[in-house]
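Open the model in a viewer and show it as a cartoon. The stops below say what to select next and what is there.

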Amino acid sequence: MGEATSLIRTLDQELGALARGASLECLVCGEFVLSWGREIRCLECGSRISVAAMSASRQSATSTAG
Ligand SMILES: [Zn+2]
């Protein structure tokens with residue numbers, strides 16, 4: 001039953017990498033994304049990720065992890 005947790009962890013690491021600008025790959029389609037102010041935008045599929053939302057999700061993930 002740990003698959004979901006590991007998936008979330010992977011996503012969390014990916015989001016962290018995106019937030020740091022270390023990895024510029026869309027989580028949805030895998031294409032390159034662009035940093036756009038406080039957002040990361042994928043020109044391929046149009047998905048947008050807010051850096052603030054990333055921080056919030058990371059905090060909530062941490063609080064529920066124990
Ligand atoms: Zn995309």
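Two strands pair if DSSP finds at least two bridges between them. Helices (H or I, at least four residues) and strands (E, at least two) are DSSP runs, numbered from the N terminus. This is a predicted model, in which local features need pLDDT of at least 70, side-chain atom pairs count only at pLDDT 80 or more, and totals for chains, interfaces and linings use all residues. Residues are numbered from 1 along each chain as its sequence is written.

**Whole chain.** Select everything first. The chain holds 2 helices and 3 strands, which run α-β-β-β-α from the N terminus. Colour by pLDDT, the predictor's confidence in each residue, from 0 to 100. The mean for the chain is 76, and 70% of its residues reach 70 or more. Where pLDDT is low, the predicted coordinates should not be read in detail.

**The hairpin.** Select residues 33–36, strand β1, together with β2: the two pair in the antiparallel sense over 4 bridges. Ser35 has Ile40 of β2 as its bridge partner. Next, pick out the turn. The hairpin of β1 and β2 has 2 residues between the strands, and Gly37 in the turn has a positive phi of about 65°.

**The sheet.** β2 and β3 pair in the antiparallel sense over 3 bridges, and Glu39 has Ser50 in β3 as its bridge partner. The 3 strands form an open, antiparallel sheet in the order β1-β2-β3. β1 and β3 (48–50) each have a single partner strand, so they stand at the edges with one side left without a neighbour in the sheet. The twist averages 20° from one strand to the next, taking axes as lines fitted to C-alpha atoms (for helices over the stretch in contact) and angles from 0 to 180 degrees between N-to-C directions.

**The core.** Which residues make up the largest nonpolar core? Select Cys26, Val33, Ile40, Cys42 and Ile49, 5 residues in all. Such a core is a set of buried Ala, Val, Leu, Ile, Met, Phe, Trp, Tyr and Cys residues joined through C-beta atoms within 7 Å. A residue is buried if 20 or more other C-beta atoms lie within 10 Å of its own, exposed if 12 or fewer, and partly exposed in between, with C-beta atoms placed from the backbone. Buried residues make up 11% of the 66 residues in the chain.

**Val33.** Finish here. Leaving aside neighbours within four places in sequence, Val33 is in contact (C-beta atoms, placed from the backbone, within 7 Å) with Leu24, Glu25, Cys26, Ile40, Arg41 and Cys42.

Definitions and conventions
Contact = placed C-beta atoms within 7 Å.
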